[in-house]
Every structure is written in structure tokens, then in C-alpha cells.
Amino acid sequence: MAHAFRRRPDGSLACRLDGEEKAIIAQVAQETADLIRGDLGIDQGGDALRRAAESEDPLRRLEAEFAGREARTPSDSAVRRLFPAASEDPALAEEYRRLGQRDLADAKLADLRRVMRILDAAGGGHSEVVLDEDEAMSMLRALNDVRIVLADRLGLQRDGDFDTVRMLQQIGERVEGAESSGDDEHVGSDIVIAVYELLSWLQESLLRALD
Amino acid sequence: MPVDLPRAEPRTRTRTDAATEERTTLETEGPWCTVVWNDPVNLMSYVVFVFRRYFGYSRVVAEQLMMQVHDEGRAIVSRGSREKAETDVQAMHSFGLQSTIEKAGEG
């Protein structure tokens, strides 16, 4: 059972999570990172490109610059929420994607990786997870990005939609309880709802501890 | 709210010069705005935290802006040069907020 974040006397921020909770958070962080990389076409080639961009050879640098300009508009609806258009003018939005999307993706992926590393380091069982201020910022942003992806999968469009989803789930549980039917699709969205609630609660508790 | 002034040697100019130049800059360059849009995911406390942490706004200002986003669907959270607005929009995206750049008066 998770215990909320609190500020410790030395200024660090700590919460307690059990092994299953850590594993779930690490897993959805990994899935979010994979989704971003897959949709934006960021792969292992990215490192080679980066090296080329820092190369002494001007031709290689130019090549890298052009390759880096392929900032595609995300096709996945969740990734579009993570990388929204920066302008309502499509031409301007396209230009901003070209200029900033890769840096934004690198920052998001770095946050997600950092959170996975922190959770790994905390070990498999019930344990304390301790963050410094900088790690807390990464945790906040990463939790938020994962929540954005889960919200998209749950079809949340407007304020209050999560309450509706939650209510429908409870009605479903009562109906299913009577009929004892357990179809896979329902079980799947039940897990997404539970993880979304866990992450929201954890993020809120971290915000309160930081305040 | 911050408006970028042209950089020059301040000692060599009179107050009137500076005022004229500021007016010219405003007329020709902008100012540009950073708009944050409402969405169903970001926690109210998170949005307030981001406005305070990134822009350095007081709690009262940050809460007002957050409520404006929540109630009206959008709020202008910063103004300035185009470069500043671009930086701010990118920063809002890094926090997962929905944000666009806008020329003042177009919204």
C-alpha cells in the first residue's frame, strides 16, 4: 500500500511504494517512452545522428541537420496530446515542430528514463522512494505525461469525464456481479482506471509535499 | 508583464528616446502571447505549481490564471517578444500543458 510523499528534514522528498506499484509505474513509463519513440520515429539511429551533428565534418553536420528536420506530426492521439501544435496557424505549427519537437521528445524521454531508474534503484519489495528537488521535477513531469497517455486511452475529452468513466465502471461492476461475466475488455480498462488513479494520487501528494 | 526593449547604450540616450523606441518596438514586433488551454488531465494543483515555478508568479496570480483556464477554456499566461513566447510555449509543452503562441489581439 502506497504512502504519500512527504518532505524529510534534509529537504528530500520521500514516499513508500510496494513492489507491485513500482513495477506498474515503471511499466507504464516504459510503454509511454516506447510509444513516443515509435510514433515520432526516434530509434537507436538517434545517437548516431547526434554524433554526426557534433562532427568536425561540415557535410556530416549538414546531413544530420536535414535528417533532424523530419519532425513528423504524431499520428497517435496520445502522442499528439504530448506534442501539441504550438500555433493554430498550421504553417507556423509545422515550423515549431521542426525546431523544437526533437528537444521536447528528448526531455520527456529523459524524465521517463530517470523515473524508471529511480524505481529500479528502490528495489523490488515495499520500500521508500527518495527524490531530490530535481528528481521530483522529473517525477512530476513523467507522471503527468503518463497520465496524459492513459487519459487518452480512457477517452477523456472534457473536465469531469474521469468521474463519468469511474461511475460507469461501478455500475458495470454491479451488473457484472449479478451476471458474473468477466470479459477481457472490461478488465483492461479497469486496470487503466486503477493506474490512472494511483498516478493522480501520487502526483497530487508530491505537489503537496513540494508546496 | 515583460516586454523586450531594444538593447543599446543607456547612457547615450535621453528618456524621450527610450520611450519612442519602446513604442516603435511594440508597434512593429508584437507583443506575442503564450496561451494555455484547458484539458481534462492536468490537475489544478499541478497547473498552479507550473505557473508559480516557471513564471515565478505569486500563488494568487497563478491561481487566478489557472481558474481562468478552467472556467474560460484558455488564458494568456505571458506576453513579450516572439522569442520569449516561443520559449514559454515550449516550456509549457515540456510540463504537458496544452499551449499555443498567439499575436496579441488575435485571440
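Guide: Happy to! Let's settle on helix 3 of chain B, and start with what covers it: strand 1 (32-37), helix 2 (44-55) and strand 2 (74-80) of chain B are among the elements that cover its buried residues. Please keep in mind that this is a predicted model.

Which residues of helix 3 of chain B are buried? They are Ala62(B), Leu65(B), Met66(B) and Val69(B). These residues cover an arc of only 100° around the axis, so they sit on the same side of helix 3 of chain B. Now turn to the other side of helix 3 of chain B, where you will find Val60(B), Asp71(B) and Glu72(B) exposed.

Next, check the length of the helix. Helix 3 of chain B takes in residues 59-72, which is 14 residues, and at 1.5 Å a residue they should span 20 Å. The C-alpha atoms at its ends are 19 Å apart, which agrees with that expectation.

Now for a neighbour. Two packed helices are described by the angle between their axes and the distance between the axes. Here, helix 2 of chain B packs against helix 3 of chain B at an angle of about 130°, and their axes are 9 Å apart. An angle like that makes helix 2 of chain B oblique to helix 3 of chain B. The crossing in which helix 2 of chain B passes helix 3 of chain B is right-handed. On the side of helix 2 of chain B, the contact is made by Met44(B), Val47(B), Val48(B), Phe51(B) and Arg52(B). Helix 3 of chain B contributes Arg59(B), Ala62(B), Glu63(B), Leu65(B), Met66(B), Val69(B) and His70(B).

Finally, let's step back to the whole chain. Chain B has four helices and three strands, and from the N terminus on its elements run α-β-α-α-β-α-β. Of the 107 residues in chain B, 36% are buried. If you take the contacts in chain B between residues at least 6 apart in sequence, 70% of them join residues at least 24 apart.

Chain B also has a partner: 16 of its residues are in contact with 27 residues of chain A. On the side of chain A that touches chain B, the largest share, six residues, comes from helix 6 of chain A.

Note on methods: Residues are numbered from 1 along each chain as its sequence is written. Chains are lettered from A and ligands numbered from 1 in the order in which they are written. This is a predicted model: local features need pLDDT of at least 70, side-chain atom pairs count only at pLDDT 80 or more; totals for chains, interfaces and linings use all residues. Helices (H or I, at least four residues) and strands (E, at least two) are DSSP runs, numbered from the N terminus. The expected span of a helix is 1.5 Å times one less than its number of residues. A residue is buried if 20 or more other C-beta atoms lie within 10 Å of its own, exposed if 12 or fewer, and partly exposed in between; C-beta atoms are placed from the backbone. The arc is that of the directions from the helix axis to the C-beta atoms. Two residues are in contact if their C-beta atoms, placed from the backbone, lie within 7 Å. Axes are lines fitted to C-alpha atoms, for helices over the stretch in contact, and angles run from 0 to 180 degrees between N-to-C directions. Angles under 35 degrees count as roughly parallel, over 145 as roughly antiparallel, 65 to 115 as roughly perpendicular and the rest as oblique. A crossing is left-handed if the near helix is turned anticlockwise from the far one by less than a right angle, and right-handed if clockwise.
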